[in-house]
Structures are given as structure tokens and as C-alpha cells.
Amino acid sequence: MTDPNYYANMYNAYEKKPKKIRVLDSTLREGEQHPGISFTNKQRIQIAWMLDYFGVDQIEISPIISKDHETSTKTIIKQGLKADIVSHGRALKQDIDISLKCDAKWVAAYLGISDIHLKDKLRITREEALKRSVETVEYAKSHGLKIRFTVEDGSRADPKFLMQVCKAIEEAGVDRISLPDTVGIMRPIGMYNFVKKVRNEIDTPLDAHVHNDIGFALANAFAACDAGVDQIHTTIDGIGERTGIPSLAETAVALTFLYKSPNDFRLDMLMDLSRLIEQYTSIKPYDSKPIVGSSAYKHKAGTHLAAILRNPAAYEPIPPRIVGNRRRIVFGELAGKTGAAYLMSLLGLEKDEQSAKNVASGLKNLRMGDLMEIPLEDRIEKKIINDK
Ligand code: ZN
């Protein structure tokens, strides 16, 4: 057995012929709703190009926010990217008109359908909401557009009304329906049941738009896929309203390695995408953030160092270079004998068992925590193994 993940994959039980799960990236729409973020026109275009090159299927942007956003939307649509550019707005003819002005081919319209949204946000009745939904879809279709409809706050809507809306917009010719967990209240089995209910009666392709308020966004996105969704909404680094939505990096890596979805992602761009957002927003992903965090591939404890120096797969699910990150080892009081021996070999010192032990206990007695970090590339790692 050469694959260290062999038995884990057995438990993961992915299908022999896994279905393709698509990705819609909403960094330019949901992402701009993150507190403190406002991209310039040029930045939006750059982000769109990079997302397209990375390999997402759809890119969402909202032209209705401002004239500036309208210009960005129009310019990005003109680029002729491979990904569909989805022009996002409310379920109103006037918003569809703005998308039409931008030469959009794909539009997205949203309408809150839970009682709290109808009563306290929109102040309309269910009948009016149903009528508005159908009219918006019909209007978009009569203009030759593809339309995705988001039944906003769907996870908290009366299931009877949810199904009534879904059936009515399907009848009106909607191209995709987005099932959102707008306030991030679902647990994975709940998200599964919510999607399954719709999937059982609706043939239209489904999206999952899930929020991370309690930390379940990524798990819920994949529970939705298990129940029949074939497109996940992401943003770079997961930025968005409040605590955001699934991050592109985590979603793309999970799709590739855990779900074996046949996407064509350039995963080694993930660090660059994250850095681009950091540069444009000065929001840095927290150190321990999966995939792109600065400590995602740092190894510290002595027993871990000893194993990593022989075979990094002992403590890594996938090699860091695949996602553009770097492996580092942290030397300090936890380094242990093997870590100390490695440090001595880097310094060109003779390393015998006893001196390595002495250095290790010296590091421990210093009580200074972490002393330094060293990148550990595959090249070096091979040399170490060969030296043994
Ligand atoms: Zn959202």
C-alpha cells in the first residue's frame, strides 16, 4: 500500500464515478459585502481574470450596487472569460434591466421567502412574493437570459411555500435555483433534508449558498451536494456578510481530493488568490486557516518533526506545493532529538546521538518557546532521507 490515505478514502466512500460539482465564486458580490471591503474597478477585473484562470464555472457580481459596479460588470462581461458572469440583483424588473444594460447572458435574482423576510423586510404577502418571483423569471426569459433564482432564507421558510415558489419558477423556465441557508442555522443533516425535499420534486439544477455563522458552511455545502446540489457558492478566503461563506480554497481542495469531482482547477494558484485579496483589502487570513493559512503546513512538536523529516505525509493530508503553500518546520523547546539533529546538520555540525540529545535538552531548558522557522522543501526532504 503506497497511498497513505488509502484507508481514510475507504471510509470516505466516494463514488466510483463521482459527479462533477461546479463552483460559483461570489468574491465580487458576497465578498464585497464583507465589512471593510470595497474593490476598485481594476481590482474587480483582475480578480475575475484570476478566478477564471483558476477554473471556477461561474463568477457572480452585482451591477445594481452603484454606477461603478455597473461599469465593472460590463467590463468583465466584455472580457469573454470562460466562466459565466452572473449578474446579481433583486427579483425586480428594474434590476434585470440593469443586467441587460451590461450585456449579461446570466442573471441571478433573489427574494426572501421566509415569513420574517416577507413581513419585516419586504412587507409583502406570500401571494405577492410568488407573483414577483414568477414575473421576474418570465421577464428574464423573455429577454433571452439564463436566470438563477435564489429563494432567500429558504431554510427558514415554510416548506409548503418554499415548494410552491420552486414549482412556480420552474414552470416559468428558471435555469437554476439557489437554496440558501442565509443565517447559517442548519446542521449538515438539516441542510441535506432541506435540499432533498426540493430535489425530490424539482428537476432544475440546484446551487447551495450557505453561511458560516456557526462554522458549518463548508460541511453544509457538501451535505447539500450529497442531497443533489451540483454547484457550491464560494468566495476567496470565505469573505462575505458577517462570517462569510465557504472559502474557494477549502471547497476546491475538498472537491478534488475528498469528492474526486472532475474539475479542472489550478490548485497551485490558491495561495496567490488569497494573497491578492490580502493585498486589495489588508485582511489577512488567520494563521491556522485551512489550505492558505501561514501555519497550515508548519510542524512543531518533536515527534511530528521526526516523522515529517522522513515522510511529510505522516502529518499532511496533501503536499503544500499542490496548493501553492510551503512546508515549514518550527524549532524551539519542542524540537526533540531528531529536530535538534536536523538543526545541527543545517549548521554543518557533526551530529551524533549524544550531542543531538544535548542540544534538544538545551533548547528545552532555554524556555524561549519557538526560536526559528525553516522552510522544508521536497528537495531538501529528499536529501535528508538519502543522507540516512
Ligand atoms: Zn450570502
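Student: What percentage of the 388 residues in the protein do buried residues make up?

Tutor: Buried residues make up 51% of the 388 residues in this protein, and please keep in mind throughout that we are reading a predicted model. The secondary structure comes to 15 helices and 11 strands, and along its principal axes the C-alpha trace spans about 80 × 45 × 35 Å. Among contacts between residues at least 6 apart in sequence, 73% join residues at least 24 apart.

Student: How should I read the pairing of strands, and which strands form the closed barrel?

Tutor: The general idea is that strands of a sheet pair through backbone hydrogen bonds, either parallel or antiparallel. Here a closed barrel of 8 strands runs β1-β2-β3-β4-β5-β6-β7-β8, with parallel pairing, and neighbouring strands of this sheet are turned by 25° against each other on average, direction ignored. You can follow the pairing from β1 (residues 22-25), which is joined to β2 (residues 58-61) by 2 bridges and to β8 (residues 231-234) by 4 bridges.

Student: Where do the side chains of β2 lie, and are they buried or exposed?

Tutor: In a regular strand the side chains alternate between the two faces of the sheet. In β2, Gln58 and Glu60 lie on one side while Ile59 and Ile61 lie on the other, and all of these residues are buried, which leaves both faces of the strand covered.

Student: Which helix lies across β1 and β8?

Tutor: Helix α10 (residues 248-258) lies across these two strands, running at about 175° to β1.

Student: How do I describe two helices that pack together, and at what angle do the axes of α2 and α11 cross?

Tutor: Two packed helices are described by the angle between their axes and the distance between the axes. For α2 and α11 (residues 270-281), the axes come within 11 Å and cross at roughly 170°, and the two helices are therefore roughly antiparallel to each other. Among the residues that meet are Ile47, Met50 and Leu51 in α2, and Leu273, Leu276 and Ile277 in α11.

Student: What is the strand order in the open sheet?

Tutor: The order is β9-β10-β11, and the pairing of these 3 strands is mixed. Strands β9 (298-299) and β11 (370-375) stand at the edges, each with a single partner strand, so one side of each is left without a neighbour in the sheet. Between β9 and β10 (residues 328-332) there are 2 bridges in the parallel sense, and His299 has Ile329 in β10 as its bridge partner. Helix α13 (residues 336-346) packs on this sheet, touching β10 and β11, and its direction makes about 100° with that of β10.

Student: Which residues are the protein donors of the zinc ion?

Tutor: They are Glu30 through OE, and His209 and His211 through NE2, lying 2.0 to 2.1 Å from the zinc ion. In sequence these donor residues are spaced E-x178-H-x1-H, and both His209 and His211 are buried.

Methods
Residues are numbered from 1 along each chain as its sequence is written. This is a predicted model: local features need pLDDT of at least 70, side-chain atom pairs count only at pLDDT 80 or more; totals for chains, interfaces and linings use all residues. Side-chain values use heavy atoms; hydrogens and water are left out. Donors are N, O and S atoms within 2.8 Å of the metal (3.2 Å for Na, K and Ca); water is not among the atoms, so sites may look incomplete. Buried means under 20% relative accessible area, exposed over 50%, partly exposed in between (1.4 Å probe, protein chains only). Two strands pair if DSSP finds at least two bridges between them. Axes are lines fitted to C-alpha atoms, for helices over the stretch in contact, and angles run from 0 to 180 degrees between N-to-C directions. Angles under 35 degrees count as roughly parallel, over 145 as roughly antiparallel, 65 to 115 as roughly perpendicular and the rest as oblique. Contact means heavy atoms within 4.5 Å.
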